[in-house]
Amino acid sequence: MKKTISVLTATRAEYGLLKPILQKLNKAEEFDLRIAVTGMHLSKEHGLTYRDVEQDFVIDKKIDILTDSDTPRSISKSMGLAMAGFGEYFEELQPDLLLVLGDRYETLAVCTAAVNARIPIAHLYGGETTEGAVDECFRHAITKMSYLHFTSTEEYRRRVIQLGEAPERVFSVGAIGIENILQTELLSKVELEKSIGWKLESPFAVVTFHPVTLEDNKVQEQFNELLKAIDYHHELKYIFTKANADAYGSAINTMIDQFVQNNSNSIEVASLGTVRYLSALKYCSMVIGNSSSGLIEAPSFHIPTINIGDRQKGRLRADSVIDCEPMEHEILAAMEESSSDNFRTILREVINPYGDGKTSDKVVDIIKDYLQKDKINLKKKFYDITWR
């Protein structure tokens, strides 16, 4: 009998990372793939990106969980809606495995519903650290709920084991973002211009900034410092991508709207999607903000990343990443450093630490092995490390 695999997708970025795995699972005769869409995918404000999923696959279920606000209270309500909605869905579907990626609040809620339904979970990417965001504790909680673990580096694999997960269930498979870069046919610069409706004759930067969710009431202050810094460099163009549906992400999006309206050298895009985003990285002069893509994907294009603040603090990074505080003068100093002759030499030689681009094959082969041989036993033993 075919094994039913349910896959959760809630955001544009996470779907782009999951896509190569979904393609292979969908082709495998051993599996019945069921894709459940929720979160930002179903939000008009965030571009109704479920339509991108529909272009590639059949969506099994859409479960709307977002409220009209992004306050902490509203996010807690969304988590409750996710637990209730997916609790019903899992009771109906009874999948053999749930595959999730990442560390967001809706992922934690869905995994909680799966644990209650005795559904084993396979998780990409545990063991990472992002000390400035609540995702840090969400990620580790999801790790403890999960049975199979796929990490992006060996260092992160060891950290998952440190959390008590048995080594034989923890696999270092690399970052799938690297696979997307190597395997995706990217747009030409002319095609990218046509797609976004904007000329890129000048050097441009890609700007993505998300709330640092463990720093209360600093969202607008920090993003304003970024806007002041980039407003200093009128010789550059800027492509803004909208913030995630995190607490107070809408405040950032409102500030983007106002800035773009007043600055003809800037545009905003709710969602570039995988192909357009990677194509933008191919041609841009730098990445600015605090998105994980600046640390994981951008180094493969040998471009500088201006990583602002603590959202990605603790995450492994290449030498192409320049860290700075969310203050105008520090951001300007980082931008200046990124264009120096010395740093350009570093960029030419930079090595991306996130794998060899063969992630999806490794993940699918491991899932096949565990499901076809009925190797899953939810009565996990805590793996103790011997201290010396």
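Q: Which side chain of opposite charge is nearest to Arg 12, a buried residue with no salt bridge?
A: Let's start in this predicted model with helix α1 (residues 12-27), where Arg 12 has its place. A salt bridge needs a side-chain nitrogen of Lys or Arg within 4 Å of a carboxyl oxygen of Asp or Glu. For buried Arg 12, the nearest side chain of opposite charge is 8.7 Å away, and it belongs to Asp 52.

Q: Is Thr 143 buried or exposed?
A: You will find Thr 143 in helix α5 (residues 135-145). Leaving aside its neighbours within four places in sequence, its contacts include His 123, Gly 126, Val 160, Leu 163 and Lys 380. The cut-off for buried is under 20% relative accessible area. Thr 143 has 0% relative accessibility, so it counts as buried.

Q: How are the rings of Phe 86 and Phe 90 arranged: stacked, edge-to-face or tilted?
A: The structure holds nine aromatic pairs, and here the ring centres of Phe 86 and Phe 90 are 5.8 Å apart. Both Phe 86 and Phe 90 are buried, and they sit four residues apart in helix α3 (residues 72-93), which means about one helical turn separates them. Planes under 30 degrees apart count as stacked and over 60 as edge-to-face. With the planes of Phe 86 and Phe 90 at 50 degrees, the pair is therefore tilted.

Q: How many residues apart in sequence are the parts tied together by the pair of Phe 171 and Tyr 370?
A: Phe 171 and Tyr 370 form an edge-to-face pair, 6.4 Å centre to centre with 80 degrees between the planes. Phe 171 lies in strand β7 (residues 170-172) and Tyr 370 in helix α15 (residues 359-372), so the parts they tie together are apart in sequence by 199 residues.

Q: Which residue has its charged end over the ring of Tyr 370?
A: Tyr 370 counts as buried because its relative accessibility is 7%. Tyr 370 also forms one aromatic cluster with Tyr 147, Phe 150 and Phe 171. Over the ring of Tyr 370, 4.6 Å from its centre, sits the charged end of Lys 375.

Definitions and conventions: Residues numbered from 1 in each chain as written. Predicted model: local features only at pLDDT ≥ 70, side-chain atom pairs only at ≥ 80, totals over all residues. Heavy atoms only, no water. Helix = DSSP H or I, 4+ residues; strand = E, 2+ residues; numbered from the N terminus. Buried < 20%, exposed > 50% of the residue type's maximum accessible area, 1.4 Å probe, protein only. Contact = heavy atoms within 4.5 Å. Lys, Arg positive; Asp, Glu negative; His and termini not counted. Phe/Tyr/Trp six-rings, centres within 6.5 Å; stacked < 30°, edge-to-face > 60°. Lys NZ or Arg CZ within 6 Å of the ring centre and 35° of its normal.
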